[in-house]
Amino acid sequence: MLKNTNNHGSRFLDRLSLWNRRLNVYLAVIGGAALVGIMIVAALNVALRLFGMSFLGAYEMVRYLGAVAVAMALGISQIHNDHIMVDVFSRKFHPVVIRILDALHFVITTIFFSVAARQVYLWGMIKLRNKEVSETLKIPFYPVIFLLAFGLAILALALFVDFLLLFCRREAGEAAS
Amino acid sequence: MSGPMVGLIGVALMVLGIFFLRIPAAFVMAIAGFCGLVFVRGWTAALNLLGYELWETFANYGFTVIPMFILLGEFIYHAGYSDNLYSATYKWFGHRRGGLAVATILASAGFSAICGSNTATAATMSGVAIPQMKKYNYHPTLKAGAVAAGSTLGVMIPPSIVLVVYGLDRGLSIGKLFFGSLIPSLILMTLMALTVLLICRRHPDWGPEGEEVSWKERFRSLPKVLDIAVLFVAIMVALYSGKVTPTEAAGVSCFLGLVSCVLRGKLPLSKFRMAVYDSLRISCMVLMILAGAIIFGRFMTVTRLPNEVALWIGGLNWPGWIVLAIMMLFYAIGGCIMDALAFLLISLPIFFPIVQQLGYDPIWFGVVVCVVTTLGAITPPVGICCFVISGRSGIPVERVFKGATYYIPAYFITIAIMMLLPTITVLWLSNMVK
């Protein structure tokens, strides 16, 4: 019975991990499009200037596209462990200590980025309530702030999935031994 | 508890967190900065600042220069321009003893003129140069060392991501930093090439002579690397003129790079996708470090620790060069144990006010620090470039580290020249930028 429950738990985690990865790949597609968008807007702006024309709002567009690009890549960079970590000393620790430290790392960072997502969301709500618009294009930019909050929440989710997987791997290891 | 003392405890906890908690440096900086702000200013102020700073960092127009330069480098990398570069330099220098190793360093410099990352340069050049040197029975230590040393030029020669981040973090002109790093890069590159010749003089069997190529062939190889030269010149001229922002210069060169890759049929859709995907991930990593450093920097400002340290050091009445030498020692050690970019951003809030207090030029200091921290990419235990080369070529990492050791004097000589002749090496060119 216990074994069965463990199997269900493991299957759920596998699915959760898969969904997490898929979701982040889709978000990376949006982020990639935003990245290419920055290039096009920046190049077009310079090209138009050469012909004496101006691209109104290019500055703002680049800003918002930059925010979208990074927000949408936060989760995928966590999945790929792209962030710089210094393990010169910690890699010599006992495997149990490493596992405990990793668990601590995932708990702390999940909480921190959840708080960060909430704060960015609240910042966006202030802009929404005040009906603030961008200086040149006169468009509301709170949706971009909400996208950043969403990206941070997805990063927190990716860290939480890593935390769960850490225990799943532990159980799998114990079962094997 | 006084503000500077809180700051000092914050720095100590951050360092402990980075080295022992296995949390990425970017996250540790952000968390330590946030917790410090909670302690000093209270929950409400710290929470409000967190939301505001994250938005302002990720939606910062100036910071979009980073993904643009990364994307340009990725286009060139995935399009395989490195083959042309290597082939051209090989035709010019390959017939001499150790010529292939010299060609590797020069081709790395050429690749670095577009790609601002040393790991990308290391990965590319190990795939291109090591098989060629193996073909001509080059000694593994020489070939691995040449690729390792050459790859560090990736963050020295403009457009360098480290210099871009330094400039953005300290509010300095990226154009001035790029122009300021030109002569030191040339000095370092020349010294590296001379190191190869000296090694081959001592161990003639390490770098046998390659095939002699006719002058006609040599000149015929040059148009194939013209695209890269044009892109490099376009970036530098645009930044020199001051008529475009760094983001615009990067955006235009990125667009031109893409057009050139597509027209030459070097970038099919699959490679384009990979280039964009990789750029997105690297940009996210770099901007996350920047966000962490900014939050930590706010905490440092609130505690007034950097100002107090600067005043304290100023009061010691030590000659400026001694303080600078101690700082450089910190950077050299720091570069050995962690990534150059992360260490730079951690240390700058404390070291930069000291440098200003001592009256050193921030552009010159940035270029010097870039050279010093770059050295860390080829020295143990972190030596990221050596691990990349070992992974790509199968040469044991100890041998790669050994090979790279031969080039360490080249760095020290470059740093010494920069310290003795700051105007000629850095400031002369950087001051020309409008």
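**Notes on the two-chain model**

1. Let's start with Thr247(B), which lies in helix α14 (residues 246–263) of chain B; helices here are DSSP runs of H or I of at least four residues, and strands are runs of E of at least two, numbered from the N terminus. A word on the ground rules: this is a predicted model, where local features need pLDDT of at least 70, side-chain atom pairs count only at pLDDT 80 or more, and totals for chains, interfaces and linings use all residues. Residues are numbered from 1 along each chain as its sequence is written, chains are lettered from A and ligands numbered from 1 in the order in which they are written, and side-chain values use heavy atoms, with hydrogens and water left out.

2. Is Thr247(B) buried or exposed? Its relative accessible area is 1%, so Thr247(B) is buried (buried is under 20%, exposed over 50%, partly exposed in between, with a 1.4 Å probe and protein chains only). Neighbours within four places in sequence aside, Thr247(B) touches Ala42(A) and Val62(A), as well as Tyr61(B), Gly62(B), Thr64(B), Val65(B) and Met68(B); contact means heavy atoms within 4.5 Å.

3. Chain A has four helices and zero strands, in the order α-α-α-α along the sequence. Of its 177 residues, 46% are buried. Take the contacts in chain A between residues at least 6 apart in sequence: 77% of them join residues at least 24 apart.

4. Over in chain B, the axes of α6 (residues 99–112) and α7 (residues 118–135) come within 10 Å and cross at roughly 150°. The axes are lines fitted to C-alpha atoms over the stretch in contact, with angles from 0 to 180 degrees between N-to-C directions. That crossing makes α6(B) roughly antiparallel to α7(B), a label for angles over 145 degrees. From α6(B), the contact includes Leu100(B), Thr104(B) and Phe111(B), while Met125(B), Ala129(B) and Met133(B) are among the residues from α7(B). The residues of this contact divide into eight nonpolar, six polar and no charged.

5. Which residues of helix α20 (residues 384–393) of chain B are buried? They are Cys385(B), Cys386(B), Ile389(B) and Ser390(B). Because these cover an arc of only 135° around the axis, they sit on the same side of α20(B); the arc is that of the directions from the helix axis to the C-beta atoms. As a reminder, an α-helix has 3.6 residues a turn, so residues three or four places apart point the same way.

6. The buried residues of α20(B) pack against α7, α8 (140–151) and α21 (397–405) of chain B. After α20(B) comes Gly394(B), with a positive phi near 85°.

Key. Angles under 35 degrees count as roughly parallel, over 145 as roughly antiparallel, 65 to 115 as roughly perpendicular and the rest as oblique. Ala, Val, Leu, Ile, Met, Phe, Trp, Tyr, Cys and Pro count as nonpolar, Asp, Glu, Lys and Arg as charged, and the others, Gly among them, as polar.
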